[in-house]
Amino acid sequence: MNTTVVTSPLPVASAPAQGASASIPGPSTPYSVTMPVTPAYNAITVQLQDGKKDKDWYVDPAFWAAVVPAIAVLVTIWNTNKQLKFSRESQDRQLADDRERQEREIKAEHERARLDRVTKARQEIYSGILADYQKVQGLIASLPEGDLEKEITFTEIAVMSASVNKLWVWGEAESAYQVREFFSQVNEMAWLARGKAEAIRSLRRHYSILNDQVVESTLQRDKALQQIGEHEAAAEYLHKEETWTKLNELLQQDFKAHEANRRSASDLLLKVSVRIAERREAYQEFLIEAQDKLMVQINKVMALARGDVQLDGDVSRLEKQSHEMSMRARAAIVSMRSEYEKQMELARLI
């Protein structure tokens, strides 16, 4: 048991009382005594029961019993708000990611559609260029042998030029550049070939004229020979008179003149035919040489074209094959030249 002593002052007498207390008269008896009055303090003792003593608030269970639930509620509310905020942020991020993914998918789809359109256009252009080039090859190869009554035209090259120019819009810059360079080389080869072809065409015209002369001389010679035969048959009736003799001489001269013309024209015809054959052979060699040079550019174009239409693969084997094909073509021409020379030698002997 704890005991607390509290001291408190006694009531102080008022001033009059204090004055009176200084000397209080009493009955003047032999037994009376005068007593001075002075202030005094009395000790007051307060006794506290167990369990009723004072405590600090932070150790008071009642305080915490009220505060803890409130704090728990606040924490719950704060945690709930935090979770809600996190959920909203997560949902916003998810929506943003979904929108971004959709945008990427849309862009990718548009890009695929664009690439499909571009690839299809490029395929058509390259197919057109290839077809046009094949026609140009046929034109160049046939230039010396074309109709002599018709002038040489380069319509096929003009058509190829239109296809090449389309690649300026649809092709890659490097592809367009190489294709235009390829067309430039083809165009240059065509004009060089035309000059050589015109020389052959001129020889062919001369050959045609000489051949007509040979045919005409042969006809006239045969006619003169027939007349000579008829005149010889009438000799027994004319008894080879002077008139018969003169006519026979004229017929013989006419026959010899036509025969001389025929032989002269035939000799020229053979020479012209030899020149034509030599020019044709030179023309073929020119084409092979030009094709060899052009093949380098063709390989570049083909490699770029495969890339432009999304085709992968190693084209080195194709390039090697192109060179081998050129070598085989050259060997074939050499063989043809040897055989032709043998035939010409035989023709001269005959």
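A pocket is here an open set of grid points, on a 1 Å grid over the protein atoms alone, with protein on both sides within 12 Å along at least five of seven lines. In this predicted model, the largest pocket holds about 820 Å³ of space. Its lining comprises 32 residues, of which Leu130, Tyr133, Met295, Ile298 and Met302 are the closest to the centre. Helix 2, helix 6 and helix 7 (316-349) each contribute at least two residues to the lining of the largest pocket. The greatest contribution to this lining is that of helix 6, with 12 residues. When the lining of the largest pocket is divided by class, 19 residues are nonpolar, 10 are polar and three are charged.

The second largest pocket holds about 190 Å³ of space. Its lining consists of Gln185, Val186, Glu188, Met189, Leu192, Phe286, Glu289, Ala290, Lys293 and Leu294. Helix 4 and helix 6 each supply at least two of the lining residues of the second largest pocket. By class, this lining divides into six nonpolar residues, one polar residue and three charged residues.

The overall architecture may be considered next. The secondary structure of the protein amounts to seven helices and two strands. Along the sequence, these elements follow the pattern β-α-β-α-α-α-α-α-α. The protein has 350 residues, and 23% of them count as buried.

The largest nonpolar core contains 40 residues, and those that touch the most other members are Ile140, Leu143, Met160, Phe182 and Tyr283. At least two residues of this core come from each of helix 2, helix 3, helix 4 and helix 6. Helix 6 gives the most to this core, supplying 13 residues.

Aromatic contacts were also examined. A pair of aromatic rings is described by the distance of the centres and the angle of the planes. The count of aromatic pairs in the model comes to three. In one of these, the ring centres of phenylalanine 154 and tryptophan 191 are 4.8 Å apart and the ring planes stand at 75 degrees; the pair is therefore edge-to-face, since an angle over 60 degrees falls in that class. This pair links distant parts of the chain, the two residues being 37 residues apart. Phenylalanine 154 is located in the loop between helix 2 (61-142) and helix 3 (155-170), whereas tryptophan 191 belongs to helix 4 (residues 173-233). Phenylalanine 154 has a relative accessibility of 12% and so counts as buried, the limit being under 20%. Tryptophan 191, by contrast, is partly exposed, with a relative accessible area of 49%.

A tilted aromatic pair is formed by tyrosine 283 and phenylalanine 286, with 6.3 Å from centre to centre and 40 degrees between the planes. Both residues of this pair lie in helix 6 (residues 242-308), where tyrosine 283 and phenylalanine 286 are three residues apart, about one turn of the helix. Tyrosine 283 and phenylalanine 286 are both buried. Tyrosine 283 is also among the core residues that touch the most other members, while Phe286 is one of the residues that line the second largest pocket.

Arginine 194 is placed over the face of phenylalanine 154, at a distance of 5.4 Å from the ring centre. Lysine 196 is placed over the face of phenylalanine 286, at 5.3 Å from the ring centre.

Three further positions illustrate the spacing between parts of the chain that are separated in sequence. Serine 142 is found in helix 2 and is partly exposed, with a relative accessible area of 36%. The C-alpha atoms of serine 142 and alanine 197 are 8.7 Å apart in space, although 55 residues separate them in sequence. Lysine 135 likewise lies in helix 2; with a relative accessible area of 53%, lysine 135 is exposed. Between the C-alpha atoms of lysine 135 and isoleucine 157, which are 22 residues apart along the chain, the separation is 8.4 Å. Alanine 265 is situated in helix 6 and is buried, its relative accessible area being 4%. From alanine 265 to isoleucine 209, 56 residues apart along the chain, the C-alpha separation is 9.3 Å.

Note on methods
Residues are numbered from 1 along each chain as its sequence is written. This is a predicted model: local features need pLDDT of at least 70, side-chain atom pairs count only at pLDDT 80 or more; totals for chains, interfaces and linings use all residues. Side-chain values use heavy atoms; hydrogens and water are left out. Rings of Phe, Tyr and Trp (its six-membered ring) pair if their centres lie within 6.5 Å; planes under 30 degrees apart count as stacked, over 60 as edge-to-face and the rest as tilted. Helices (H or I, at least four residues) and strands (E, at least two) are DSSP runs, numbered from the N terminus. Buried means under 20% relative accessible area, exposed over 50%, partly exposed in between (1.4 Å probe, protein chains only). A charge sits over a ring if NZ of Lys or CZ of Arg is within 6 Å of the ring centre and within 35 degrees of the ring normal. On a 1 Å grid over the protein atoms alone, a cavity is a set of points where a 1.4 Å probe fits but cannot get out, and a pocket is an open set with protein on both sides within 12 Å along at least five of seven lines; lining residues have an atom within 4 Å of a point. Grid points are joined across faces, edges and corners, and a volume is the space filled by probe spheres set on the points. Ala, Val, Leu, Ile, Met, Phe, Trp, Tyr, Cys and Pro count as nonpolar, Asp, Glu, Lys and Arg as charged, and the others, Gly among them, as polar. A nonpolar core is a set of buried Ala, Val, Leu, Ile, Met, Phe, Trp, Tyr and Cys residues joined through side-chain atoms within 4.5 Å.
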